[in-house]
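Reader: I would like to learn how to read the features of a structure one at a time. Please give the general idea first, then the case at hand.

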Amino acid sequence: FAREVELSRPGYMDAISRLRAINTPPPYPRRLILLSYSLTAAIFTLLYHGSAREAISAFVIGILLAALRLLFLSRSLFPFLEYFTGGMVAGFFSLLASWADPGINAYVVITGSLINLMPGTALVNGIRDMLNGDSVSGIARLGEALLSVSIMAAGAAIAVGGAMSLLSIPAPG
């Protein structure tokens, strides 16, 4: 871009629009987002000693969470609402899968499914800031990460508890 400005000397508005285009990465295709969420959920379920049936359940829930993510991105909604709703979706559908197939451990499926929403970057940046001596920003980032995880857990717990009490579903094993 610098060489282009030097050679052609574009107008101010042209240069600004070109800079914005450079700074805005192209969005990932929807199919790739759906595939990555679902595969991540299935693989992490297997890493948490889940069975193939649990991985398949997590794969399906990963598709639902990816669709939820795309919906929230398109509407620019509050991110904590996405975490809470994602926890509820993962909790409810994991419990539903364990009810349909008693061999499925709903808690392993929930854990594998929610890994997509984990705030890993905020957690790592918070720890890095704390190690660099930036206590205020480190505490703020760690607090945000812990709040995000807590909100996901609350959503999953409400969904599991609500489904168990309303639908008379026994506790998963």
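Author: We can start at the surface. Three helices, α3 (30-47), α4 (52-75) and α5 (79-100), each supply at least two residues of a nonpolar patch. Note that the model is a predicted one.

Reader: Which residues make the nonpolar surface patch, and what is its area?

Author: The patch covers about 1000 Å² and is made by L35, L39, I43, L47, I56, F59, V60, I63, L64, F93, L96 and W99.

Reader: Which helix gives the most to the nonpolar patch?

Author: That is α4, with five residues.

Reader: How should I read the accessibility of one member, say I43?

Author: A residue is buried under 20% relative accessible area and exposed over 50%, with partly exposed in between. I43 sits in helix α3. Its relative accessibility is 47%, so I43 counts as partly exposed.

Reader: Next, aromatic rings. What describes a pair of them?

Author: Two quantities do: the distance of the centres and the angle of the planes. Planes under 30 degrees apart count as stacked, over 60 as edge-to-face, and the rest as tilted.

Reader: How many aromatic pairs does a search of the whole structure find?

Author: The search finds four. One of the pairs is F44 with Y48: the ring centres are 6.1 Å apart and the planes are at 45°, so this pair is tilted. F44 has a relative accessible area of 28% and is therefore partly exposed. Y48, at 34%, is partly exposed too.

Reader: What is the geometry of the rings of F92 and F93?

Author: Their centres lie 5.3 Å apart with the planes at 85°, so the pair is edge-to-face. F92 is partly exposed at 29% relative accessibility, and F93 is partly exposed with a relative accessible area of 33%. F93 also belongs to the nonpolar patch described above.

Reader: Which residues form an aromatic cluster?

Author: F78, F80 and Y83 form one such cluster.

Reader: Now the interior. Is S94 buried or exposed?

Author: S94 is placed in helix α5. Its relative accessibility is 0%, so S94 counts as buried.

Reader: What is S94 in contact with, leaving aside neighbours within four places in sequence?

Author: With those neighbours set aside, S94 is in contact with I61, A106, V109 and I110.

Reader: How do I read the largest nonpolar core, and which of its residues touch the most other members?

Author: A core of this kind is a set of buried nonpolar residues joined through side-chain atoms within 4.5 Å. The largest one here has 27 residues, and Y37, L65, Y83, L114 and L117 touch the most other members. Two or more residues of this core come from each of α3, α4, α5, α6 (106-114) and α8 (135-166). The largest share, seven residues, is from α4. Of the residues named, Y83 is also part of the aromatic cluster.

Reader: What does L114 contact beyond its neighbours within four places in sequence?

Author: L114 is in contact with G86, G87, A90, M152 and A156.

Reader: Last, the charged pairs. How many salt bridges does the structure hold?

Author: A salt bridge is read from a Lys or Arg side-chain nitrogen lying within 4 Å of an Asp or Glu carboxyl oxygen. The structure holds four salt bridges. One of them joins E82 and R69, whose closest N and O atoms are 2.9 Å apart. This pair links distant parts of the chain, with E82 in helix α5 and R69 in helix α4, 13 residues apart. E82 is buried, with a relative accessible area of 5%, while R69 is partly exposed at 29%.

Reader: Which residues are linked in a network of salt bridges?

Author: They are R128, D129 and R141. Between D129 and R128 the closest N and O atoms are 3.1 Å apart. D129 is buried, with a relative accessible area of 5%, and R128 is partly exposed at 41%. D129 also forms a salt bridge with R141, where the closest N and O atoms are 2.8 Å apart. D129 lies in helix α7 (residues 120-131) and R141 in helix α8, so the pair ties together parts that are twelve residues apart in sequence. R141 is partly exposed, with a relative accessible area of 32%.

Notes
Residues numbered from 1 in each chain as written. Predicted model: local features only at pLDDT ≥ 70, side-chain atom pairs only at ≥ 80, totals over all residues. Heavy atoms only, no water. Patch = residues over 30% accessible without salt bridge, like charges linked within 9 Å, V, L, I, M, F, W, Y side chains within 5 Å. Areas by Shrake-Rupley, 256 points an atom, 1.4 Å probe, with all protein chains shown as cover. Helix = DSSP H or I, 4+ residues; strand = E, 2+ residues; numbered from the N terminus. Buried < 20%, exposed > 50% of the residue type's maximum accessible area, 1.4 Å probe, protein only. Phe/Tyr/Trp six-rings, centres within 6.5 Å; stacked < 30°, edge-to-face > 60°. Contact = heavy atoms within 4.5 Å.
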